[in-house]
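Please look over the model below. My notes follow as numbered points.

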Amino acid sequence: MQARENSGGGRFASDVDPEFHDLNASIGIDKRMYAEDIQGSIAYAGAIHSVNLISDDELRAIVGGLEKVKVEWEEGQFAVREEDEDIHGANERRLSELIGSVAKKLHTGRSRNDQTITDTKLWLRKSIDVLGTKLARLVQVLVSRAEKDVNVLMPGYTHMQRAQPVKWSHWLLSYAWYAKADAERLQEIRRRLNVLPLGSGAIAGNPFQIDRRSLADELGFCDITENSMHAVGDRDFVAEFLFWSALTAIHLSRLSEDLIIYSSEEFGFVRFTDEFSTGSSLMPQKRNPDCMELVRGKSGTLLGKCVGFMTTLKGIPSTYNKDLQEDKEALFSTFDTLDRTLVIVTKALDTIVVNSRKCEGALASNMLATDVAYYLVRKGIPFREAHYLAGKVVALSESVGVSLCELNLEQLRTVSQAFQEDVEQIWNFASSVEQYKVVGGTSTPAVKEQINSLRAWLEQRDFE
């Protein structure tokens, strides 16, 4: 009858159907929050002790018993029983075995509704800190690689067509800025979730005048919820985290897609080391970028977790409903996937080999067509007209079958008399890159400014 004690007490005359019990039970998933459940229970024991609901001796017994339960979990000695419906019931059942009926006083005024969301927030807060550190490490690696390879030039692409010459470092740092934004969004989620729901009971609140603000301080929350119905039914922080995870994974997927393309034989810009490459079961010559393909694939899975849980939220009425039990699987699997993904992406980027010769060999003078327009602007021609004339120069080069830089001055002057001998200075990729000195540009000073800015941000975040 233990299962009924945990989820209905004397209201029912018989046990639940065994198959329904299996569907209803979440212990296989939420046992992962054993430490958070014990942490919250110890704090709650202190709160009910403060209003004289348990004595000093009973408090010591409960706290001591819970600490023993935690050790059993940590050492792999905790035995989950068939009747254990969830981590809350399992811990309380074991506590009762250790200290007797005093354990039954622990749940006074508390519901699994406010207990489970408190545990979830404690777990997610800790997990967010883990991911924040790993995102910082990714930014560190991107910045370090950008600094190391700052002189490498490559084509920049729009619409997957060669556009303008840029620094390889500029491309790397574009993803560092994505990761920085992801880290900042993650901290915003942490701030919003860091509000204590414990003390809300099942729906109406707690009748024993416990000090919820002291409880929040003890558990490291910055505030307390102010509406018990909202508190027990709120899973917006879960939805936010799942969306954040999907968006972060999408950024990693786009990075991976670029690197998959760049590592192909047709490009040859980068080469993954043996540790992050796989071969073919049939073709001995293959070096497959499976590490990046898996990252790209996982992004779809994480997006699915987000959409799935949002659909669950959409279908339920206010306050707590058992549908909300689905939050744990989505949270845990999403964290695990993203945690592993960040580690692999960071390691792969830290060891990737850049082929500067291939990168620079892919540059072509037609990528300097915009520079032709800028040249004409500097000669006093309005940009729209200069852009048109530069297009005519491109058309001319195509019609005579030569590259832009092979057109002579006489040919160029058939397009515009503004062309002079100094037009030869256009055909230099390094000079083209270095003209973009504004903040955010791809010149050496601008790239170094980005590096310094990101390093300063890392230092302020105090990440390990």
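1. Rings of Phe, Tyr and Trp (its six-membered ring) pair if their centres lie within 6.5 Å; planes under 30 degrees apart count as stacked, over 60 as edge-to-face and the rest as tilted. A search of the whole structure finds 16 such aromatic pairs. Phe241 and Trp244 form a stacked pair, because their ring centres are 5.8 Å apart and their planes lie at 25°. Both sit in helix α11, three residues apart, so about one helical turn separates them.

2. On provenance: this is a predicted model, where local features need pLDDT of at least 70, side-chain atom pairs count only at pLDDT 80 or more, and totals for chains, interfaces and linings use all residues. Residues are numbered from 1 along each chain as its sequence is written, and side-chain values use heavy atoms, without hydrogens and water.

3. Helices here are DSSP runs (H or I, at least four residues), numbered from the N terminus. The axes of α5 (residues 56–74) and α6 (residues 87–99) come within 9 Å and cross at roughly 115°. Axes are lines fitted to C-alpha atoms over the stretch in contact, with angles from 0 to 180 degrees between N-to-C directions. Contact means heavy atoms within 4.5 Å. On α5, the contact residues include Ala61, Gly65 and Trp73; on α6, Asn91 and Arg94 are among them. By class, the contact has nine nonpolar, two polar and three charged residues.

4. Which helices each supply at least two residues of the lining of the largest cavity? They are α7 (112–148), α8 (168–193) and α11 (236–262). Tyr175, Asp182 and His251 are among the lining residues.

Definitions and conventions. Ala, Val, Leu, Ile, Met, Phe, Trp, Tyr, Cys and Pro count as nonpolar, Asp, Glu, Lys and Arg as charged, and the others, Gly among them, as polar. On a 1 Å grid over the protein atoms alone, a cavity is a set of points where a 1.4 Å probe fits but cannot get out, and a pocket is an open set with protein on both sides within 12 Å along at least five of seven lines; lining residues have an atom within 4 Å of a point.
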